[in-house]
Amino acid sequence: MSEAVAIAATARRVSPPNPWVGAVLVTTDGRRFLGATEVPGHRHAEIVALDAARAAGADLPGAALVVTLEPCNHTGRTGPCTEAIVEAGITSVVVGIEDPDPLVAGRGIGRLVEAGLLVNVGIGAEEVRRQLAAYIHHRCTGRPLVILKLAATVDGRIAAPDGTSRWITGEAARAEVHRLRAESDAVLVGSGTVKADDPALTVRHGGGPDPQRVVLGTAPPGAKVHPCWEMHGPLPGVLDELGSRGVLQLLVEGGARVAHSFHSAGLVDRYVIHLAPALSGGNEAPAMFQGAGAGTLSEFWRGRVVSLRTLGPDVELVLEAESTKEQP
């Protein structure tokens, strides 16, 4: 299963809005064939592995298949993977997790069991859930997984009193932001940030496709963020609309007013905070959040620490709200 998870990671930037899935096919003579989901409309991971085995002249009857996500049992832009598995003569399938998509939701596993295959579900489930967190969240809520990225000094300041902010964090942290952009389907900022900083919000250092750019409000003509989606109205409605457009993961990059809006509404699923070993040393510089906060200690937001690591001279702290732990 760990091998299947590793090959699934190679599909992370090409398969959305479909899930990034990995498969390992093991024949009776011990030969192994790998598969990862291709771009939408093309082969799923199971079919890629099956085709690789056939191309190598391998005997498929009696083989075992390990796949991170439940095989589909419906016809969309591709045919049902379950039928291909059954027709190949595979006798056992190991599945990481059930697919929470209503079109699948146990039907794939049910079809395999009905056909007489031995099916084992739940091997490596936690690892798979972590890898497919954005997909699971989208299928369970209809909205994208919201990641709020913040860069600040240790005392929580995002710029100097005169407005200068480039760069608080170093090159390694900025490269990580580009990687996050490449893995996100869309990146969002407020119109104030566009007017003040004119960011391009493209992937220049992380490798991979540029995300869809979203501006809350109206972007000035000629801004680097164009072409973009300009969105208005309450944030829950914005997330519903983005989810309906196939955005599985949304990276919110700023500014402080937008960060506060998402945080205070309880709409952030993961906080990625980059802290520089620097101190503003006063209260004149702008803080990470601009707006009213908790009035008393008991009202503070509390989550769980997912990871803590250094990025060059900086520290990356990742926090998650407990509510993001959907179980398919």
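How many salt bridges does the structure hold? The structure holds 17. The model is predicted.

Eight strands make up an open sheet with mixed pairing. Their order is S9-S8-S7-S10-S6-S11-S13-S12. Strand S9 (229-231) and strand S12 (304-311) are the edge strands. Each has a single partner strand, so one side of each lacks a neighbour in the sheet. From one strand to the next, the twist averages 20°.

Strand S7 (residues 186-190) pairs with strand S10 (residues 249-254). The sense is parallel, over four bridges. Within this stretch, alanine 186 stands opposite leucine 250 in S10.

## Helices across the sheet

Helix H9 (residues 235-244) lies across S6, strand S8 (212-216), S9 and S10. Its angle to S9 is about 150°.

## Salt bridges within helices

Side chains of opposite charge can pair when their charged atoms come close. In helix H2 (residues 45-55), arginine 54 and aspartate 51 are three residues apart, which means about one helical turn between them. Their side chains meet in a salt bridge at 3.7 Å, N to O. Arginine 54 is partly exposed, at 43% relative accessible area. Aspartate 51 is also partly exposed, at 28%.

Helix H5 (residues 125-131) holds arginine 129 and glutamate 126, again three residues apart, about one turn of the helix. Their salt bridge spans 2.9 Å, N to O. Arginine 129 is buried, with a relative accessible area of 19%. Glutamate 126 is partly exposed at 46%.

## A link between strand and helix

Which residue does arginine 309 meet in a salt bridge? The partner is glutamate 176, at 3.1 Å, N to O. This pair links distant parts of the chain. Arginine 309 sits in strand S12 and glutamate 176 in helix H7, 133 residues apart.

Arginine 309 is partly exposed, with a relative accessible area of 37%. Glutamate 176 is buried, at 9% relative accessibility. The pair belongs to a network. Salt bridges with shared partners join Glu176, Arg179, Glu183, Arg309 and Glu316.

Definitions and conventions. Residues numbered from 1 in each chain as written. Predicted model: local features only at pLDDT ≥ 70, side-chain atom pairs only at ≥ 80, totals over all residues. Heavy atoms only, no water. Pairing = 2+ DSSP bridges. Helix = DSSP H or I, 4+ residues; strand = E, 2+ residues; numbered from the N terminus. Axes fitted to C-alpha atoms, helices over the stretch in contact; angles between N-to-C directions. Contact = heavy atoms within 4.5 Å. Salt bridge = Lys/Arg side-chain N within 4 Å of Asp/Glu carboxyl O. Buried < 20%, exposed > 50% of the residue type's maximum accessible area, 1.4 Å probe, protein only.
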